[in-house]
Amino acid sequence: MRESKARKIQRAAEIVKQLKKSYPNAKCSLNYSSPHELLIATILSAQCTDHRVNQVTKTIFRKYQSQKEFAYADINELAKEIYSCGYHNQKAKSIQGSSLEIVEEYNGIVPDNMEDLVKLPGVGRKTANCVLSEIYGIPSMVIDTHMVRIMNLLGFTHSKDAKKIEIEIMEIFDKNDWIKLTHMIIDHGRAVCIARRPQCSMCSISNYCPSVTS
Ligand code: SF4
C-alpha cells in the first residue's frame with residue numbers, strides 16, 4: 001500500500017528523533033578554518049573519503065595561505081599535491097578556478113546563495129549545500145552517497161538522482177533538521193547502515209525502515 005505523505009512526515013520525524021539520540025554529536029568531518037577552506041575541502045571530497053581529504057588539506061592549507069595563493073596557483077603543481085584525492089587534474093582546475101572567481105568577482109567573499117555558488121567552476125549542488133549549511137547556517141541538505149542509499153532504503157525516494165532526492169525529502173523532513181540530518185545519516189551509513197551489509201539488528205531506526213532485514 002502506498003504510504004501517505006502525512007505518514008511519511010510522521011515517520012521522518014520519528015527517525016530524526018532516534019538519530020539525534022544515536023548521533024548527538026554528528027557534524028561535518030572535514031577540517032577547515034574559513035569558508036574558502038571548506039569550499040576547497042568539499043571540492044576535494046568528491047569520490048574521496050573525508051579522512052583522506054583532511055590529510056591532503058593539512059598540507060595544502062599550510063602551503064597556500066590565502067585565497068589569492070590558490071587563485072594564482074600553478075594548476076599542475078596543485079594537481080600533484082592533491083593527487084591522492086583522485087580526479088586530481090579536474091579538482092585542481094576547480095579549486096584554482098573557483099578561487100580566482102571569488103577573488104576577482106566576489107571580493108574574496110564566498111557566495112551565500114545557491115545561484116552564485118553553482119556558477120563557480122567545479123561547484124555543484126552538493127558542494128554548494130555544504131557551504132550554505134556549514135558556513136551560513138542556511139537549511140540545506142548535502143545528498144552524498146550515504147544519503148542516496150539510506151533515503152532509498154527508508155522508502156523516502158526511489159531515485160538515485162541527488163537533486164531529485166533533495167527536492168523530495170525537503171517535503172518530508174522538518175526544515176530545522178535538514179543540516180543535522182545529513183551528518184547523522186552519514187554517521188549512520190558509516191557505522192550501521194553500511195553499504196552492502198547493513199547491520200539492521202543494531203539499527204536504532206529499524207522500526208521505521210521498510211527495508212529492515214532480520
Ligand atoms: S533497518 Fe537496516 S536497512 Fe534500514 S536503515 Fe537500519 S540498517 Fe539500514
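User: What covers the buried residues of α9?

Analyst: Keep in mind that this is a predicted model. The cover includes α10 (162-170) and α11 (178-191).

User: What makes residues of α9 count as buried?

Analyst: The cut-off is 20 or more other C-beta atoms within 10 Å of a residue's own. In α9, which spans residues 145-153, His146, Met147, Ile150 and Met151 are buried, so each of them meets that cut-off.

User: How do you know that they line one face of the helix?

Analyst: Looking down the axis of α9, the buried residues fall within an arc of 115°, so they sit along one face. As background, an α-helix has 3.6 residues a turn, so residues three or four places apart point the same way.

User: Which residues is methionine 151 in contact with, leaving aside neighbours within four places in sequence?

Analyst: Phe156, Thr157, Ile165 and Ile169. Contact here takes C-beta atoms within 7 Å, so each of those pairs passes. Met151 is also among the residues that touch the most other members of the largest nonpolar core, which has 50 residues; Ile40, Leu44, Ile82, Val131 and Leu181 are in that group too.

User: How does the radius of gyration of the chain agree with a compact globule?

Analyst: For 214 residues, a compact globule would come out near 17 Å; the chain has 18 Å, so the two agree. The C-alpha box is roughly 55 × 30 × 30 Å along the principal axes.

Methods: Residues are numbered from 1 along each chain as its sequence is written. This is a predicted model: local features need pLDDT of at least 70, side-chain atom pairs count only at pLDDT 80 or more; totals for chains, interfaces and linings use all residues. A nonpolar core is a set of buried Ala, Val, Leu, Ile, Met, Phe, Trp, Tyr and Cys residues joined through C-beta atoms within 7 Å. A residue is buried if 20 or more other C-beta atoms lie within 10 Å of its own, exposed if 12 or fewer, and partly exposed in between; C-beta atoms are placed from the backbone. Two residues are in contact if their C-beta atoms, placed from the backbone, lie within 7 Å. The radius of gyration is taken over C-alpha atoms; the globule rule is 2.2 Å times the number of residues to the power 0.38. Helices (H or I, at least four residues) and strands (E, at least two) are DSSP runs, numbered from the N terminus. The arc is that of the directions from the helix axis to the C-beta atoms.
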